[in-house]
Each structure stands twice: as C-alpha cells, then as structure tokens.
Amino acid sequence: MLPSPTPSDAGEELESFFLRFPDLDLKETDPLTPVGSLKAELDASMRKKYAFAKRKAFALFVKAKEVPAWAGGPSSNGRGVSWKCCRQRFKDRAGIHRHVAALHTGDVCQQTASVLKQLAAETGSSRSRVSAGETDRPGEPPRSASHEVSVGIPDLGRVASGELTSADGNNQGEVLLFYCYCEVKDPEQIYAWQKTLCQRLHLTGKVRIATEGINGTVGGSKIATGLYVEAMLSYPLFKNILSKEDFKTSRGGAYCFPNLRVGVFEEIVPMGISSNKISYKEPGVHLSPGEFHKEVEKYLSRANQEQNDTILLDCRNFYESKIGHFRRCLAPDIRKFSYFPSYVDKNLELFKDKRVLMYCTGGIRCEKGSAYLKAKGVCKEVYQLKGGIHKYLEEFPDGFYRGKLFVFDERYALSCGNDVVSECRYCGTQWDQYKLCSTVPCHQLVLTCSRCAEKGLTACCPVCQEKGVHLASGPTAKVFKEECECTAKRLRVPTEPRQ
C-alpha cells in the first residue's frame, strides 16, 4: 500500500508517481491488472489529483485542435468554431472528443504527465514561498517563471497585428526548420518561453525540447519568423551557439501546420536511445554543402561500385527517400528513425572499413545517427552533411540530388527540380504527390495518380482499401489499427542502392 503523502511531500510524491509509471493507460479500469491495482492503492487525494490532471490534459488537447471562427467554416455548436485533427474537421464537440479518446490516448497521457509535474512544481513553489514569508499580493500575478519567460519575448508594440499573420496559401510567409544540441537545465522553462513566444507571433508548427537541446519547425509571416529568429539568437542559452545560418527557410506560412505543438521530450529527435549512451557530442565529421558535393562527385565518378570504399547513406524514412534522394544512395527501408539503430546493428558487415557519407533533411538525424554508427567502431570514417539536404539545395539546386524534398507539414514536399523519381502505387505512372491513405485510422502516405484516384484507388494498399469499405458500411464498424500490408511486409534492409 502506498503511503498517503503529507503536505510537506505531496508535490514530490505526485511527480514521482507519474515518472515511475510513464506508460499508464488512461483507459485502464480493470482492478485486476497491475495498473488497476496501483490506482486502487492510491489514496483519495492522489486519485483526485490524477483525475483532475487527466481531465485537464484532455481539455487542453481538444482546445489545441480548435479552429478560429474565421477559418472554421460552418459548425453545429453555436459558437462558430470547429476542430481539426489528423486532417479531419469536426463540427461538434462530441465528434472531436470521440476521435481524441480513440486515437490520441498517448498524447493525452503525455499531457497528463506535464500537468502532474506542473501541479507538483506549483505545490513545491507555494510551500517554499510561504515558509520564506513571500506571498503574492491580491491581484498580482504569481512571481514564478513569468519574468524569465518575458525576457525572451520581443516588443511587438510597433508591429501591426496584421503583419504577424500570413494569409492562407498566398506564400507571403515562410517556414523555419532548425535545431540546437546543447545542455538544457530547465526544459520546462524553455517550454513556457517557446509556447508564449510562438503564440505571440501567431506561429504554428512543432517544437521539441529536451535536456539535450531544442528542435523545431514553425510557420508564419516573414515578419513573425524574423522576430522568432531574433528572439532565438538573443536568448541567453542559445546566443553563443546558434547563428542565423542554422535556420533553414522555405516558402509557406502558418497554414502549413494544423496547430502549434510545443512539448518536453526525452530526445529532440526520437532515435529511442538515451543520450547517456549515445551522445550528440560525438557525431561524425561535418561537411559543408560544398565539401559534401565534392565527395559525392568522387563517389559517383568511380565506375566499379563493388570496389568502392564509400557508402552514401540516406538516414531518412523510406517515404522520404522514395520521392527524392542523392544518386546511388543507400536508403534503408525504415518507417521511423527509431528503427535506424537496429538497421545498423543488422548490417555492420556492410559498413565495415567503409567511408560513410550521411545525409538527412536538415542535419539533426545525422547528429545522432552518425554518433551511433561511430560508436560501433566498424567504419573507416563517418561524415555528415551540415545543414542537411535543405542547405545543400540552396547552394546546388542542380546538383546530385534528384526529386523532391519531403517535409513534415501539410505541404509534404518541396520542389527542387523537374525530376520525378517515384511512381503511382497502382499503375506505375511517374508521380510524387503524397496524400494520406483514405482509410481513416491509417496514417500511411500513398502515391496515387489522378486517374487511379478517380477510380477509387486511394488507400495505401489493398488491405487498407478493404478496411475502408468496411468502415464505410456503417457508423458501428470496427476501428482498425494502423498496421496493414505496408508495415507488415516491409523489409528494413535495402538490397541495392537507389540509382
């Protein structure tokens, strides 16, 4: 039986509870399971705090999906708003609630952990201030982290509100892509600052924060993104590490993302290995786009590839390299970057005594990926493209990269030439425009040309095509898992380099 926390240790007990059980299933109600037994043993106060945190987390997640009245279209809730999630639009609150409960329990669970930590921090802060005789005067805001957050917020007094918003689809804005590996002692503080900063600047996108650094892609007007870069470069933690060249830009805006998501995670890019085991401080040798271009040129000039001592390795996911890649690269058939370590482990002989040239979209995956490959001690040398494909294409738009550059937003890809290196999944026609699988529970991307789409071939595979038929048969149809032919039969080991 867990002891009931006293007022003096309630905050620590509340935080340690969730840290010890991070995978707690929000839907678990069976008292015979380990989780159910644990909940049954919690005292009434703890259960109330956990239930409150879960409700608040659910409400915050749903609130983040709310579309403003000017963009929400018709609604049936009388408030002139709707909700957008997983590229679906919900007109009533019940619909978005059912969707979140069915498909986003993991996100809500993570948000619950953050709420619990916040409650624990507030409990500890209030306790320490009362003991020191410090209390807020009536009407004054708490003196917690508000001052520290405001330090990194630009003065918007001279900026018209209209200048901070970019109209839908008119390309008057841009999207930023950046990362910074560094030691972050207080991720929660950076989280609060980033969320406030992005909201003030009307930015959308995703920002991941961890003790190892920050990784983000945000979109908005050019004035908004410019102010964001200035704020990042002047912030004490980053001002001596980041430079303006570390921010990759492309045409776009706030409309490229459905919402703003800022969070604290274990890693800023999820490889699934603790930074205590594989450190970002021990990556491969960074090559500038010019240096990388020369290395690729030498690699391609060798006629006998079997005797070549160099491997050009694409460490992105299969659906990224499918629509664009460097000539004669080795592209692992992996769906997530967290599969990359197992791919390396199974193919150590392939990398033995080789010079490896690694690349990815913006460079961040190569930082961890090259460190992992180096740690295996089998390669002759490990190099990585600094700034990724993004920076390479800025200097060499007609270089050795063919096809499009995949991006993780609603644009799906950036055009960087006229080459089409992929084809329709159904008829084989050259095609490189991704769409989501038409079967709602599936989040796979599919390449289906216009003609095949008109025929109703809009799923990622025949299995999902059949699932779509069942789902369309009635509202009571079973909700299928995402796993399908695309994931069940995919090999993670490439047989030959891409041409």
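The model is predicted; local features require pLDDT of at least 70, side-chain atom pairs count only at pLDDT 80 or more, and totals for chains, interfaces and linings use all residues. Residues are numbered from 1 along each chain as its sequence is written, and side-chain values use heavy atoms, with hydrogens and water left out.

Helices (H or I, at least four residues) and strands (E, at least two) are DSSP runs, numbered from the N terminus. Two strands are taken to pair if DSSP finds at least two bridges between them. Strands of a sheet pair through backbone hydrogen bonds, either parallel or antiparallel.

Strand β6 spans residues 213-221, and nine of its nine residues are buried, so the strand is largely enclosed by the rest of the structure. Here, buried denotes under 20% relative accessible area, exposed over 50%, and partly exposed the range in between (1.4 Å probe, protein chains only). Strand β4 (residues 173-181) pairs with β6 in the antiparallel sense over nine bridges; G173 has S221 of β6 as its bridge partner. Strand β5 (residues 204-210) is likewise antiparallel to β6, with seven bridges between them, and I209 is bridged to I214 in β6.

An open sheet of three strands is arranged in the order β1-β2-β3, with antiparallel pairing. Two bridges link β1 to strand β2 (residues 82-85) in the antiparallel sense, and E66 has W83 of β2 as its bridge partner.

Residue T105 belongs to helix α6 (residues 105-131). With a relative accessibility of 28%, T105 is classed as partly exposed. The C-alpha atom of T105 is separated by 8.9 Å from that of F58, although the two residues are 47 residues apart along the chain.

A disulfide is a covalent bond between the sulfur atoms of two cysteines; the criterion applied is a pair of cysteine sulfur atoms within 2.5 Å. A search of the whole structure finds zero disulfides. C180 is in no disulfide, the nearest cysteine sulfur being that of C182, 4.0 Å away. C180 is buried, with a relative accessible area of 4%. For C315, the closest cysteine sulfur is in C366, at 3.7 Å, which is too far for a bond. C315 is also buried, with a relative accessible area of 0%.
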